[in-house]
Amino acid sequence: MSLNKTKSWKVLLVSLAAAVSFSMLAACGNSADDNQAVATYKGGTITQKEFAMDQKIMKFLSPQQAQYLEIDAFKESILKQEVGFEYLASQATDEAKKQAEKEADTQIASIKEQLGDTYKKTLKDADVTEKDIRTYMERVLTVYQDMLLKVTDDQVVKEFEATKGDFTVATLRHVLIGLTDADNKERTSEEALKIAKEVKAKLDGGADFAAIAKEYSDDTGSKEAGGEYKDKAVGTYVEEFKKAAQTLPLNTISDPVETSYGYHIIKVESRTDKTFDQLTDEQKEGIKSSIVSKNLETFMEKDLEAIIENINLPKSSAAADETGTNSGTEATTAPSASPSASPSATDAAE
(Lines give C-alpha, C1' and ligand atoms only; values in the text may rest on other atoms or scores of the structure.)
Protein backbone atom coordinates (compact mmCIF):
# COMPACT_ATOMS: atom_id res chain seq x y z
CA MET A 1 0.00 0.00 0.00
CA SER A 2 1.34 3.41 -0.88
CA LEU A 3 2.02 5.64 2.07
CA ASN A 4 1.00 9.27 2.32
CA LYS A 5 3.92 10.81 4.16
CA THR A 6 4.95 14.39 3.45
CA LYS A 7 8.14 14.41 1.43
CA SER A 8 10.94 16.73 2.40
CA TRP A 9 11.40 19.49 -0.12
CA LYS A 10 14.81 18.09 -1.05
CA VAL A 11 13.22 14.83 -2.12
CA LEU A 12 10.22 16.69 -3.52
CA LEU A 13 12.17 18.78 -6.03
CA VAL A 14 11.19 16.88 -9.16
CA SER A 15 7.51 16.84 -8.20
CA LEU A 16 7.70 20.47 -7.18
CA ALA A 17 9.14 21.34 -10.56
CA ALA A 18 6.02 19.95 -12.16
CA ALA A 19 3.83 21.89 -9.75
CA VAL A 20 5.46 25.30 -10.10
CA SER A 21 6.67 25.44 -13.70
CA PHE A 22 3.85 24.71 -16.09
CA SER A 23 4.38 27.06 -18.98
CA MET A 24 4.14 27.68 -22.70
CA LEU A 25 4.59 24.78 -25.11
CA ALA A 26 7.99 24.52 -26.74
CA ALA A 27 6.20 25.13 -30.04
CA CYS A 28 6.29 28.82 -29.19
CA GLY A 29 9.81 28.68 -30.62
CA ASN A 30 12.05 31.71 -31.05
CA SER A 31 9.38 34.15 -32.12
CA ALA A 32 9.67 37.92 -32.12
CA ASP A 33 7.58 37.91 -28.95
CA ASP A 34 10.10 35.90 -26.92
CA ASN A 35 11.11 38.95 -24.91
CA GLN A 36 7.55 40.10 -24.31
CA ALA A 37 6.66 40.14 -20.62
CA VAL A 38 3.97 37.62 -19.74
CA ALA A 39 4.07 38.70 -16.09
CA THR A 40 5.10 41.93 -14.38
CA TYR A 41 5.48 42.13 -10.64
CA LYS A 42 7.05 44.37 -8.02
CA GLY A 43 10.75 44.19 -8.77
CA GLY A 44 10.76 42.23 -12.02
CA THR A 45 9.22 40.59 -15.05
CA ILE A 46 8.94 37.12 -16.56
CA THR A 47 9.27 36.97 -20.33
CA GLN A 48 7.67 34.51 -22.68
CA LYS A 49 11.12 33.07 -23.39
CA GLU A 50 11.80 32.49 -19.67
CA PHE A 51 8.38 30.93 -19.23
CA ALA A 52 8.98 28.63 -22.21
CA MET A 53 12.35 27.55 -20.80
CA ASP A 54 10.78 26.58 -17.51
CA GLN A 55 8.31 24.46 -19.46
CA LYS A 56 11.17 22.60 -21.10
CA ILE A 57 12.75 22.01 -17.71
CA MET A 58 9.44 20.75 -16.35
CA LYS A 59 9.13 18.32 -19.25
CA PHE A 60 12.66 17.12 -18.58
CA LEU A 61 11.98 16.54 -14.88
CA SER A 62 8.38 15.36 -15.10
CA PRO A 63 7.29 14.57 -18.67
CA GLN A 64 4.05 12.92 -17.58
CA GLN A 65 2.69 16.37 -16.66
CA ALA A 66 3.11 17.89 -20.14
CA GLN A 67 -0.51 17.20 -21.11
CA TYR A 68 -1.69 19.98 -18.80
CA LEU A 69 0.35 22.71 -20.45
CA GLU A 70 -2.39 23.63 -22.88
CA ILE A 71 -4.98 24.33 -20.19
CA ASP A 72 -5.11 28.10 -19.82
CA ALA A 73 -6.42 28.01 -16.23
CA PHE A 74 -3.39 25.97 -15.16
CA LYS A 75 -0.91 28.04 -17.11
CA GLU A 76 -2.00 31.31 -15.57
CA SER A 77 -2.04 29.83 -12.09
CA ILE A 78 1.42 28.35 -12.51
CA LEU A 79 2.76 31.57 -13.99
CA LYS A 80 1.61 33.30 -10.82
CA GLN A 81 3.43 30.69 -8.78
CA GLU A 82 6.57 31.35 -10.77
CA VAL A 83 6.25 35.05 -9.96
CA GLY A 84 6.06 34.08 -6.30
CA PHE A 85 9.21 32.00 -6.47
CA GLU A 86 11.19 34.60 -8.37
CA TYR A 87 10.09 37.33 -5.95
CA LEU A 88 10.90 35.29 -2.85
CA ALA A 89 14.25 34.16 -4.25
CA SER A 90 15.21 37.80 -4.84
CA GLN A 91 14.51 38.52 -1.15
CA ALA A 92 16.49 35.55 0.18
CA THR A 93 19.66 35.78 2.26
CA ASP A 94 23.13 34.99 0.92
CA GLU A 95 23.28 31.99 3.27
CA ALA A 96 20.11 30.57 1.74
CA LYS A 97 21.55 31.02 -1.74
CA LYS A 98 24.75 29.20 -0.76
CA GLN A 99 22.80 26.31 0.69
CA ALA A 100 20.65 26.15 -2.44
CA GLU A 101 23.74 25.94 -4.65
CA LYS A 102 25.02 22.97 -2.63
CA GLU A 103 21.67 21.22 -2.79
CA ALA A 104 21.41 21.85 -6.53
CA ASP A 105 24.76 20.08 -6.93
CA THR A 106 23.32 17.09 -5.08
CA GLN A 107 20.19 17.05 -7.23
CA ILE A 108 22.14 17.31 -10.49
CA ALA A 109 24.38 14.46 -9.39
CA SER A 110 21.34 12.36 -8.58
CA ILE A 111 19.82 12.98 -12.02
CA LYS A 112 23.10 12.07 -13.69
CA GLU A 113 23.27 8.84 -11.74
CA GLN A 114 19.68 7.94 -12.62
CA LEU A 115 20.09 8.65 -16.33
CA GLY A 116 23.61 7.26 -16.62
CA ASP A 117 24.92 7.18 -20.19
CA THR A 118 21.68 8.71 -21.51
CA TYR A 119 22.09 11.96 -19.52
CA LYS A 120 23.55 14.11 -22.31
CA LYS A 121 21.16 12.76 -24.94
CA THR A 122 18.18 13.36 -22.67
CA LEU A 123 19.27 16.95 -22.13
CA LYS A 124 19.68 17.42 -25.88
CA ASP A 125 16.30 15.90 -26.66
CA ALA A 126 14.69 18.23 -24.10
CA ASP A 127 16.53 21.22 -25.60
CA VAL A 128 17.94 22.27 -22.24
CA THR A 129 21.41 22.51 -20.75
CA GLU A 130 22.69 21.50 -17.35
CA LYS A 131 23.08 25.20 -16.60
CA ASP A 132 19.37 25.74 -17.34
CA ILE A 133 18.43 22.94 -14.95
CA ARG A 134 20.78 24.23 -12.26
CA THR A 135 19.45 27.79 -12.52
CA TYR A 136 15.91 26.56 -12.09
CA MET A 137 16.78 24.34 -9.14
CA GLU A 138 18.72 27.07 -7.39
CA ARG A 139 15.76 29.42 -7.64
CA VAL A 140 13.32 26.94 -6.10
CA LEU A 141 15.76 25.72 -3.46
CA THR A 142 16.78 29.26 -2.50
CA VAL A 143 13.18 29.94 -1.49
CA TYR A 144 13.05 26.71 0.49
CA GLN A 145 16.37 27.28 2.24
CA ASP A 146 15.50 30.88 3.10
CA MET A 147 12.21 29.85 4.69
CA LEU A 148 13.88 26.89 6.41
CA LEU A 149 16.48 29.13 8.05
CA LYS A 150 13.68 31.24 9.51
CA VAL A 151 11.94 28.33 11.26
CA THR A 152 12.51 28.51 15.03
CA ASP A 153 12.79 25.68 17.54
CA ASP A 154 9.61 26.90 19.24
CA GLN A 155 7.73 26.64 15.95
CA VAL A 156 8.92 23.07 15.48
CA VAL A 157 7.73 22.08 18.97
CA LYS A 158 4.39 23.81 18.43
CA GLU A 159 3.87 22.05 15.10
CA PHE A 160 4.71 18.69 16.71
CA GLU A 161 2.16 19.27 19.46
CA ALA A 162 -0.49 20.06 16.84
CA THR A 163 0.25 16.88 14.87
CA LYS A 164 1.73 14.54 17.49
CA GLY A 165 -0.75 11.79 16.64
CA ASP A 166 0.98 11.39 13.29
CA PHE A 167 4.15 10.29 15.09
CA THR A 168 2.44 7.52 17.06
CA VAL A 169 4.08 4.21 16.15
CA ALA A 170 1.82 1.23 15.51
CA THR A 171 2.13 -2.38 14.47
CA LEU A 172 -0.98 -3.47 12.60
CA ARG A 173 -2.33 -5.94 10.09
CA HIS A 174 -4.79 -5.22 7.34
CA VAL A 175 -6.52 -6.83 4.39
CA LEU A 176 -7.09 -4.60 1.38
CA ILE A 177 -9.91 -5.40 -0.98
CA GLY A 178 -8.91 -3.14 -3.80
CA LEU A 179 -10.83 -1.58 -6.65
CA THR A 180 -8.58 -3.67 -8.89
CA ASP A 181 -8.07 -7.37 -8.19
CA ALA A 182 -4.95 -9.53 -8.49
CA ASP A 183 -5.65 -10.08 -12.20
CA ASN A 184 -5.84 -6.31 -12.78
CA LYS A 185 -9.59 -6.52 -13.27
CA GLU A 186 -11.58 -3.57 -11.97
CA ARG A 187 -14.13 -3.94 -9.21
CA THR A 188 -16.94 -1.58 -8.35
CA SER A 189 -17.00 -0.07 -4.89
CA GLU A 190 -20.02 -2.22 -4.09
CA GLU A 191 -18.21 -5.40 -5.14
CA ALA A 192 -15.16 -4.52 -3.05
CA LEU A 193 -17.29 -3.72 0.00
CA LYS A 194 -19.17 -7.02 -0.30
CA ILE A 195 -15.89 -8.98 -0.26
CA ALA A 196 -14.55 -6.85 2.61
CA LYS A 197 -17.61 -7.72 4.69
CA GLU A 198 -17.07 -11.41 3.93
CA VAL A 199 -13.46 -11.09 5.09
CA LYS A 200 -14.53 -9.39 8.32
CA ALA A 201 -17.05 -12.14 8.98
CA LYS A 202 -14.33 -14.78 8.61
CA LEU A 203 -12.01 -12.88 10.96
CA ASP A 204 -14.78 -12.31 13.50
CA GLY A 205 -15.37 -16.06 13.35
CA GLY A 206 -11.80 -16.76 14.46
CA ALA A 207 -9.93 -17.14 11.16
CA ASP A 208 -6.19 -16.46 11.27
CA PHE A 209 -5.55 -12.89 10.17
CA ALA A 210 -2.23 -13.63 8.47
CA ALA A 211 -3.72 -16.51 6.48
CA ILE A 212 -6.72 -14.41 5.41
CA ALA A 213 -4.44 -11.57 4.34
CA LYS A 214 -2.36 -13.91 2.18
CA GLU A 215 -5.51 -15.26 0.58
CA TYR A 216 -7.52 -12.08 0.05
CA SER A 217 -5.38 -8.95 0.31
CA ASP A 218 -4.62 -6.86 -2.78
CA ASP A 219 -1.87 -4.95 -0.98
CA THR A 220 1.34 -6.33 -2.45
CA GLY A 221 3.38 -4.44 0.14
CA SER A 222 2.07 -6.49 3.06
CA LYS A 223 0.26 -9.51 1.62
CA GLU A 224 3.11 -11.99 2.01
CA ALA A 225 3.80 -10.71 5.53
CA GLY A 226 0.27 -11.64 6.55
CA GLY A 227 -0.91 -8.06 6.14
CA GLU A 228 1.55 -6.73 8.70
CA TYR A 229 3.04 -3.24 8.88
CA LYS A 230 5.39 -3.25 11.86
CA ASP A 231 6.38 -0.24 13.97
CA LYS A 232 5.42 2.48 11.48
CA ALA A 233 4.43 6.06 12.26
CA VAL A 234 0.71 6.28 11.54
CA GLY A 235 1.12 9.69 9.90
CA THR A 236 2.59 7.89 6.89
CA TYR A 237 -0.81 6.42 5.96
CA VAL A 238 -3.63 7.94 3.94
CA GLU A 239 -6.05 9.93 6.09
CA GLU A 240 -8.84 7.38 6.62
CA PHE A 241 -6.38 4.57 7.31
CA LYS A 242 -4.39 6.83 9.65
CA LYS A 243 -7.49 7.70 11.67
CA ALA A 244 -8.32 4.03 12.13
CA ALA A 245 -4.74 3.25 13.15
CA GLN A 246 -4.89 6.05 15.73
CA THR A 247 -8.26 5.22 17.27
CA LEU A 248 -9.14 1.55 16.76
CA PRO A 249 -9.10 -0.40 20.06
CA LEU A 250 -6.13 -2.79 20.16
CA ASN A 251 -6.59 -6.32 18.83
CA THR A 252 -10.10 -5.71 17.49
CA ILE A 253 -11.26 -6.23 13.92
CA SER A 254 -12.41 -3.03 12.25
CA ASP A 255 -15.42 -2.58 10.05
CA PRO A 256 -14.42 -1.96 6.41
CA VAL A 257 -12.48 1.31 6.17
CA GLU A 258 -12.80 3.02 2.80
CA THR A 259 -9.83 4.79 1.21
CA SER A 260 -8.94 5.66 -2.36
CA TYR A 261 -7.42 2.17 -2.65
CA GLY A 262 -10.57 0.28 -1.73
CA TYR A 263 -11.72 -1.22 1.59
CA HIS A 264 -9.45 -2.24 4.47
CA ILE A 265 -10.09 -4.58 7.38
CA ILE A 266 -7.64 -3.51 10.10
CA LYS A 267 -6.36 -4.88 13.38
CA VAL A 268 -4.00 -2.72 15.44
CA GLU A 269 -1.75 -4.93 17.55
CA SER A 270 0.29 -2.26 19.34
CA ARG A 271 0.46 1.53 19.48
CA THR A 272 3.01 3.79 21.20
CA ASP A 273 2.87 7.57 21.46
CA LYS A 274 6.02 9.59 20.90
CA THR A 275 7.30 12.63 22.79
CA PHE A 276 9.19 15.40 21.03
CA ASP A 277 12.47 14.27 22.61
CA GLN A 278 12.00 10.82 21.08
CA LEU A 279 11.85 12.11 17.51
CA THR A 280 14.73 11.42 15.15
CA ASP A 281 16.62 14.26 13.51
CA GLU A 282 14.98 13.25 10.23
CA GLN A 283 11.52 13.57 11.76
CA LYS A 284 12.35 17.01 13.15
CA GLU A 285 13.61 18.08 9.74
CA GLY A 286 10.36 16.77 8.30
CA ILE A 287 8.42 19.02 10.69
CA LYS A 288 10.51 22.00 9.56
CA SER A 289 9.74 21.16 5.95
CA SER A 290 6.04 20.97 6.79
CA ILE A 291 6.20 24.44 8.34
CA VAL A 292 7.96 25.78 5.26
CA SER A 293 5.31 24.24 3.02
CA LYS A 294 2.52 25.87 5.03
CA ASN A 295 4.28 29.24 5.06
CA LEU A 296 4.81 29.10 1.31
CA GLU A 297 1.20 28.13 0.75
CA THR A 298 0.06 31.05 2.90
CA PHE A 299 2.22 33.43 0.89
CA MET A 300 0.87 32.15 -2.42
CA GLU A 301 -2.74 32.35 -1.27
CA LYS A 302 -2.73 35.62 0.68
CA ASP A 303 0.22 37.79 -0.39
CA LEU A 304 0.99 36.98 -4.01
CA GLU A 305 -1.81 38.95 -5.69
CA ALA A 306 -0.57 42.18 -4.12
CA ILE A 307 2.85 41.65 -5.73
CA ILE A 308 1.59 40.90 -9.25
CA GLU A 309 1.08 43.98 -11.41
CA ASN A 310 0.10 42.42 -14.74
CA ILE A 311 -0.43 39.01 -16.35
CA ASN A 312 -0.36 38.92 -20.15
CA LEU A 313 -0.34 35.24 -21.04
CA PRO A 314 -1.31 34.30 -24.63
CA LYS A 315 -4.12 31.82 -24.99
CA SER A 316 -3.31 28.28 -26.07
CA SER A 317 -3.46 27.63 -29.78
CA ALA A 318 -4.28 23.95 -29.39
CA ALA A 319 -7.64 22.76 -28.14
CA ALA A 320 -7.81 21.32 -24.68
CA ASP A 321 -10.75 21.11 -22.35
CA GLU A 322 -10.55 22.19 -18.74
CA THR A 323 -10.49 18.59 -17.45
CA GLY A 324 -7.06 17.97 -18.87
CA THR A 325 -8.19 15.82 -21.78
CA ASN A 326 -6.44 16.65 -25.05
CA SER A 327 -6.83 15.03 -28.48
CA GLY A 328 -8.67 12.08 -26.98
CA THR A 329 -5.85 11.19 -24.59
CA GLU A 330 -7.07 10.10 -21.18
CA ALA A 331 -5.66 12.37 -18.49
CA THR A 332 -4.06 11.25 -15.28
CA THR A 333 -4.81 13.01 -12.00
CA ALA A 334 -4.60 16.71 -12.69
CA PRO A 335 -2.37 19.00 -10.64
CA SER A 336 -4.08 21.72 -8.69
CA ALA A 337 -4.98 24.89 -10.55
CA SER A 338 -4.92 26.77 -7.28
CA PRO A 339 -2.06 29.20 -6.67
CA SER A 340 -1.12 27.10 -3.67
CA ALA A 341 2.41 25.73 -3.77
CA SER A 342 2.06 23.11 -1.08
CA PRO A 343 3.32 19.57 -1.64
CA SER A 344 -0.25 18.32 -1.47
CA ALA A 345 -0.66 19.66 -5.01
CA THR A 346 2.02 17.35 -6.27
CA ASP A 347 2.06 13.68 -6.95
CA ALA A 348 1.15 11.48 -3.99
CA ALA A 349 4.17 10.19 -2.10
CA GLU A 350 5.02 6.57 -2.48
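This is a predicted model: local features need pLDDT of at least 70, side-chain atom pairs count only at pLDDT 80 or more; totals for chains, interfaces and linings use all residues.

The side chains of Arg139 and Asp54 are joined by a polar contact of 3.0 Å. By polar contact I mean a pair of N or O atoms within 3.5 Å, where within protein one must be able to donate a hydrogen and the other to accept it, and where residues adjacent in sequence count only if both atoms are side-chain atoms. Residues are numbered from 1 along each chain as its sequence is written, and side-chain values use heavy atoms, with hydrogens and water left out.

Where does Arg139 sit? Arg139 is found in helix H6; helices (H or I, at least four residues) and strands (E, at least two) are DSSP runs, numbered from the N terminus. Is Arg139 buried or exposed? Arg139 counts as buried because its relative accessibility is 16%, where buried means under 20% relative accessible area, exposed over 50%, and partly exposed in between, with a 1.4 Å probe and protein chains only. Leaving aside residues up to four places away in sequence, Arg139 touches Asp54, Glu82, Phe85, Glu86 and Ala89; contact means heavy atoms within 4.5 Å.

I turn to the nonpolar core, defined as a set of buried Ala, Val, Leu, Ile, Met, Phe, Trp, Tyr and Cys residues joined through side-chain atoms within 4.5 Å. The largest one has 45 residues, of which Ile46, Ile133 and Met137 touch the most other members. Two or more residues come from each of strand S1 (37-41) and helices H2 (48-61), H3 (72-90), H4 (94-115), H5 (119-126), H6 (130-149), H7 (153-163) and H11 (281-307). Helix H6 gives the largest share of this core, 9 residues. Another core, of 13 residues, lies apart from it and includes Val234, Tyr237, Ala244 and Val257.

Next, the aromatic pairs. Rings of Phe, Tyr and Trp (its six-membered ring) pair if their centres lie within 6.5 Å; planes under 30 degrees apart count as stacked, over 60 as edge-to-face and the rest as tilted. The whole structure holds 5 aromatic pairs. One of them is the stacked pair of Tyr87 and Phe299, at 6.4 Å centre to centre and with 10° between the planes. Because Tyr87 lies in helix H3 and Phe299 in helix H11, this pair ties together parts that are 212 residues apart in sequence. Phe299 counts as buried, at 9% relative accessibility.

Phe160 and Phe276 form an edge-to-face pair, with 5.7 Å centre to centre and 65° between the planes. Phe160 belongs to helix H7 and Phe276 to the loop between S6 and H11, so the pair ties together parts that are 116 residues apart in sequence. Phe160 is buried at 1% relative accessibility, and Phe276 is buried at 19%. Phe160, Phe167 and Phe276 form one aromatic cluster.

Finally, the strands, which pair if DSSP finds at least two bridges between them. In what order do the 4 strands of the open sheet stand? The order is S4-S3-S6-S5, with antiparallel pairing. Strand S4 (228-233) and strand S5 (257-259) stand at the edges with a single partner strand each, so one side of each is left without a neighbour in the sheet. From one strand to the next the twist averages 45°.

Strand S3 (residues 169-178) and strand S6 (residues 262-272) run antiparallel and are joined by 10 bridges; Leu172 has Val268 in S6 as its bridge partner. Helix H8 (residues 189-204) packs on the sheet, touching S3, S5 and S6, and its direction makes about 40° with that of S6. Helix H9 (residues 209-216) also packs on the sheet, touching S3 and S6, with its direction at about 40° to that of S3. Here axes are lines fitted to C-alpha atoms, for helices over the stretch in contact, and angles run from 0 to 180 degrees between N-to-C directions. S5 and S6 form a hairpin with 2 residues between them.

Strand S1 pairs with strand S2 (residues 44-47) in the antiparallel sense over 4 bridges. These two strands form a hairpin with 2 residues between them, and Gly43 in the turn has a positive phi of about 105°. S1 also pairs in the antiparallel sense with strand S7 (residues 308-311), over 3 bridges, and Ala39 stands opposite Ile311 there.
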